[in-house]
Amino acid sequence: MTISIVCPGRDPEPWRLALKQVDRSLDVQVWPHERAREEIEFALCWDQPEGLLRDYAQLKCICSMGAGVDHLLKDRTLPHNIPVVRIVDPSLAKSMFEYISAAARYFQRDLDVYSRQQAQMDWRPHSPGLVAGTTIGVMGLGKLGEYVATRLQEIGFRVLGWSRERKIIDGVTTYAQQQLHEFVSQADILVCLLPLTHQTRGILGESLFSRLPASACLINVARGEHLVEADLLAALELGQLRGACLDVFTQEPLPQDHPFWHHEKILVTPHCASVTDPAAVAVQIAQNYRLMRSGGVLMNEVNVDRGY
Ligand code: NAP
Ligand code: GLV
């Protein structure tokens, strides 16, 4: 009756301590030093080594350490019949809103422009764009996107939202999957909060950028692979896009020689928009572990075929 924490490149200790804090009786092991892999029933993972989970002969549940599950599902050997659950927590949504509202204000108040002017010692004020005159388009209206869209309209932005199936959200104009072009054509600031799936990979590319209003801005907080990097660089060069705030990258950490680091129209942050706090989510992980053992209905289960 064992939980294993599998997170190469990340520190597992805060997770182990948080789980023990919630329930001292839990047997929590840490990959690659598990006592007996054949006893493990519940794997708490981030980016597990491909094929590893096949060694866990008693595995009954796989849990992501975050909201996204692309890092789990990319393992082509993932056992098919084992449920996958993920983290859903108000603290993640709140932190995501704080990040996105700060990034939206950065563009709306021309701080990107003034940062470039500062480099030239150029003292030139501009009249600021109005919050109410700025339209933000949120791609993905799931647990994070719906909260972010709702809060952005509460602070005065005009907000549009896009999802596979059309949602009803107070104060937000929403669009279904087939209305992508109508949605995008109005977004002064486009926010990507989609899960990474075979349908959404590369969605932030030339064909989308060409349909945005002139000088729109991009905020990508979802996954690096949503973005076609060369298309972003070309759109910035052409002035089709005014700027981008990027928190996620195809390769993380962003390689030292990557052109984004020194690009004057790109703000880079190190995948920090909304980081899961082990202490905040250990209770829900332990609860899912108990549900798994009692044969109950798991919380926050992912549709593996759909990819999110
Ligand atoms: P979620 O609850 O699964 O919501 C996904 C949303 O995307 C849903 O509204 C879904 O539409 C929509 N969607 C999926 N595929 C689509 C498609 N092909 N076309 C249009 N809409 C589509 O996900 P979440 O919890 O909000 O998280 C979103 C993502 O944020 C995660 O997958 C992760 O990659 C990223 N994230 C990043 C950070 C960070 O620090 N940067 C932190 C946490 C999460 P339906 O509602 O119609 O199904
Ligand atoms: C972070 O990127 C997450 O998916 O929670």
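Mentor: Start with Ser-4, which at 0% relative accessibility counts as buried. Keep in mind that this is a predicted model.

Trainee: In which strand is the place of Ser-4?
Mentor: Ser-4 touches Gln-29, Trp-31 and Phe-42, among others, leaving out residues up to four places away in sequence. Its own place is in strand β1.

Trainee: How far apart are the C-alpha atoms of Ser-4 and Cys-192?
Mentor: Along the chain, Ser-4 and Cys-192 are 188 residues apart.

Trainee: Is Ile-3 buried or exposed?
Mentor: Ile-3 lies in strand β1, residues 2-6. Buried means under 20% relative accessible area. Ile-3 has a relative accessible area of 0%, so it is buried.

Trainee: What is the C-alpha to C-alpha distance between Ile-3 and Arg-16?
Mentor: Ile-3 has contacts beyond its sequence neighbours, including Leu-26, Val-28 and Tyr-289. Arg-16 is 13 residues from Ile-3 in sequence. C-alpha to C-alpha, the two are 9.6 Å apart.

Trainee: Is Gln-284 buried or exposed?
Mentor: Gln-284 has its place in helix α9, residues 278-294. Leaving aside neighbours within four places in sequence, its contacts include Arg-86, Asp-89 and Asn-300. Its relative accessibility is 12%, so Gln-284 counts as buried.

Trainee: Which peptide bond has omega near 5°?
Mentor: Most residues other than glycine have a negative phi, and most peptide bonds are trans. The bond you ask about is cis. Pro-32, in the loop between β2 and β3, is at one end of the bond from Trp-31 to Pro-32.

Trainee: What is omega for the bond from Glu-252 to Pro-253?
Mentor: Pro-253 lies in the loop between β11 and β12. The bond from Glu-252 is cis, with omega near -10°.

Trainee: What is the relative accessible area of Ser-215?
Mentor: Ser-215 lies in the loop between α7 and β10. Its phi is positive, near 60°. Ser-215 is partly exposed, at 39%.

Trainee: What is phi of His-271 near?
Mentor: His-271 lies in the loop between β12 and α9. At 28% relative accessibility it counts as partly exposed. Its phi is a positive value in a residue other than glycine, near 45°.

Trainee: Why is the chain as compact as a globular protein of its length?
Mentor: The secondary structure comes to 9 helices and 12 strands. For 308 residues, the globule rule gives 19 Å. The chain is close to that, so it is as compact as a globular protein of that length, with a radius of gyration of 21 Å.

Trainee: What percentage of the 308 residues is buried?
Mentor: Residues 24 or more positions apart account for 61% of the contacts with a separation of 6 or more. Buried residues make up 50%.

Conventions:
Residues are numbered from 1 along each chain as its sequence is written. Chains are lettered from A and ligands numbered from 1 in the order in which they are written. This is a predicted model: local features need pLDDT of at least 70, side-chain atom pairs count only at pLDDT 80 or more; totals for chains, interfaces and linings use all residues. Side-chain values use heavy atoms; hydrogens and water are left out. Helices (H or I, at least four residues) and strands (E, at least two) are DSSP runs, numbered from the N terminus. The radius of gyration is taken over C-alpha atoms; the globule rule is 2.2 Å times the number of residues to the power 0.38. Buried means under 20% relative accessible area, exposed over 50%, partly exposed in between (1.4 Å probe, protein chains only). Contact means heavy atoms within 4.5 Å.
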